Amino acid sequence: MKAGTVQIAWHGCDPVLSADFHPVSGLLATCGADKDIKLWLLASVDGKALTKVTFEASLSHHSAAVNAVRFSPSGDALASGAGEGELALWRLTENKDGATVWKVVKALRSHLNDVHDLGWSADGLMLASGSVDNSCVVWDMTKYEPLQVIKDHAHYVQGVAWDPIGYYLVSMSSDRTCRIYSRSQTPGTKAFTCQRVISKAEFPTGDSSGDDIKKCHLFADESMPSFFRRLAWSPDGSFLLVPAGLHKGSVNAAFAFSRRDLSRPALHFPGASKAVVATSFCPVKFALEGNTENRVFNLPHRLVFAIATLNSVAIYNTQMLNPTAFLGGIHYRAITDLAWSHDAKFLVVSSQDGYCTVVEFEEGELGRAVTGKAVGEGALSQGQEPFIT
């Protein structure tokens, strides 16, 4: 593994606010406070300490800072969310010279204020957007119109994530709640209904007086110094990884929630002295390695994921609790997003200091890739938990 902050003019001198890889070509999209989206190609160079990053194109449309950029699962579309409620859908089109370029095909209007996060459904038919107008909008991308406007949160919606199996939609807000929505199966009702509000949990205090249980808030309030709370489902759908956590009400952490029990955290990953702002999974599943009897996650494969605090990134895998790699002091200002390439070769970290760090992995370094099933396809038996506790 090699990692380094690539000091090029990613977005001039402006903050880089989000990043995402194309799921097929590996093209990297970044966006920032300069109101533009930039496209890049990454390549490894033998004998060089840093990954080669080549500028490909600049996409201009927004009139305010672009806070989130996400490719659709098939890669045929790109969604971008910006200030002043702007949301745009881009598709590859052929220009008059015969060249293929990304072009805005639809401006989606519903939000009244800045859009902070975006998430595509696994089938690419829906898009979720979270905004500082306290709403989460579910878009029908076959009609380019809102399917449902969810106004349950009492403060900014800073993170959204779709269950890869297609049943759950999760939103996270600075109102200190994480809301779990499920798709309705009843005709004539709302498309998504709130099944659970995660807010507080009971923790043992270790107090010898007998009052050994304390109920604490699970998540940081609006004073957390970040615009983003980017949460993520595992690619097999077995568990949800949530940032902005406060273990026992005070220790910065990311929480892992089992799909079988979304009422309370199953595990926590400490975030040291800084708040956790983003989580992201490598899309590739890997074969189990070594002694599988003592693994933490009860899965037939191994998953790799990254957790970013305001100033560091830790890389984990599901066979152990401790990180396999840790990157600290890589940026002067807050980290804003994480992005994995489709082939598990690169992890990109974006920051408000105007730069991106690129982590490059050697062939086979993360393990042997396997084709794993999602939990809804038999990865776990009925009622089986993804965690070994």
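**Strands, cores and pockets**

Cys31 stands opposite Ile37 in β5. This is a predicted model, where local features need pLDDT of at least 70, side-chain atom pairs count only at pLDDT 80 or more, and totals for chains, interfaces and linings use all residues. Residues are numbered from 1 along each chain as its sequence is written, and side-chain values use heavy atoms, without hydrogens and water.

Start with the strands around that pair. β4 and β5 are antiparallel and share four bridges. Strands here are DSSP runs of E with at least two residues, numbered from the N terminus. Two strands pair if DSSP finds at least two bridges between them. β4 and β5 also form a hairpin, with three residues between them. Lys35 sits in the turn and has a positive phi of about 80°.

Which strands make up the sheet as a whole? The order is β3-β4-β5-β6, an open sheet of four strands with antiparallel pairing. β3 (16–21) and β6 (52–60) are at the edges with a single partner strand each, so one side of each has no neighbour in the sheet. From one strand to the next the twist averages 25°. Axes for such angles are lines fitted to C-alpha atoms, and angles run from 0 to 180 degrees between N-to-C directions.

Now follow the bridges across. β3 is joined to β4 (residues 28–32) by five bridges, and the two run antiparallel. Ala19 has Thr30 in β4 as its bridge partner. Ile37 has Leu59 in β6 as its bridge partner. Strands of a sheet pair through backbone hydrogen bonds, either parallel or antiparallel.

Is β5 mostly covered or mostly open? Strand β5 (residues 36–43) is mostly covered, with six of its eight residues buried. Buried means under 20% relative accessible area, exposed over 50%, and partly exposed in between (1.4 Å probe, protein chains only).

Another open sheet has four strands in the order β25-β27-β28-β29. Its pairing is antiparallel. β25 (276–281) and β29 (325–328) are the edge strands, each with a single partner strand, so one side of each is left without a neighbour in the sheet. The twist here averages 15° from one strand to the next. β28 (residues 312–317) and β29 run antiparallel, joined by four bridges. Ala314 has Phe326 in β29 as its bridge partner.

Turn to the packing. A nonpolar core is a set of buried Ala, Val, Leu, Ile, Met, Phe, Trp, Tyr and Cys residues joined through side-chain atoms within 4.5 Å. The largest such core has 47 residues. Phe219, Phe257, Val313, Trp340 and Leu347 have the most contacts inside it. Strand β22 (residues 239–247) gives the most to this core, with four residues. A second, separate core has 17 residues, including Ala254, Ala256, Phe269 and Phe281.

Leu262 lies in the loop between β23 (251–258) and β24 (267–270). Leu262 counts as buried because its relative accessibility is 7%. Leu262 and Leu240 are 22 residues apart in sequence, and their C-alpha atoms are 8.5 Å apart in space.

Finally, the spaces. On a 1 Å grid over the protein atoms alone, a cavity is a set of points where a 1.4 Å probe fits but cannot get out; a pocket is an open set with protein on both sides within 12 Å along at least five of seven lines; lining residues have an atom within 4 Å of a point. Grid points are joined across faces, edges and corners, and a volume is the space filled by probe spheres set on the points.

The largest pocket has a volume of about 1100 Å³. Its lining has 37 residues, and Asp20, Phe71, Trp233, Phe281 and Pro283 lie nearest its centre. Among the strands that each supply at least two lining residues are β3, β25 and β30 (335–340). By class, this lining has 21 nonpolar, nine polar and seven charged residues.

The second largest pocket has a volume of about 340 Å³. Its 20 lining residues include Lys345, Phe361, Glu362, Glu363 and Gly364, which lie nearest its centre. They divide into eight nonpolar, three polar and nine charged.

Note on methods: Nonpolar A, V, L, I, M, F, W, Y, C, P; charged D, E, K, R; others polar.
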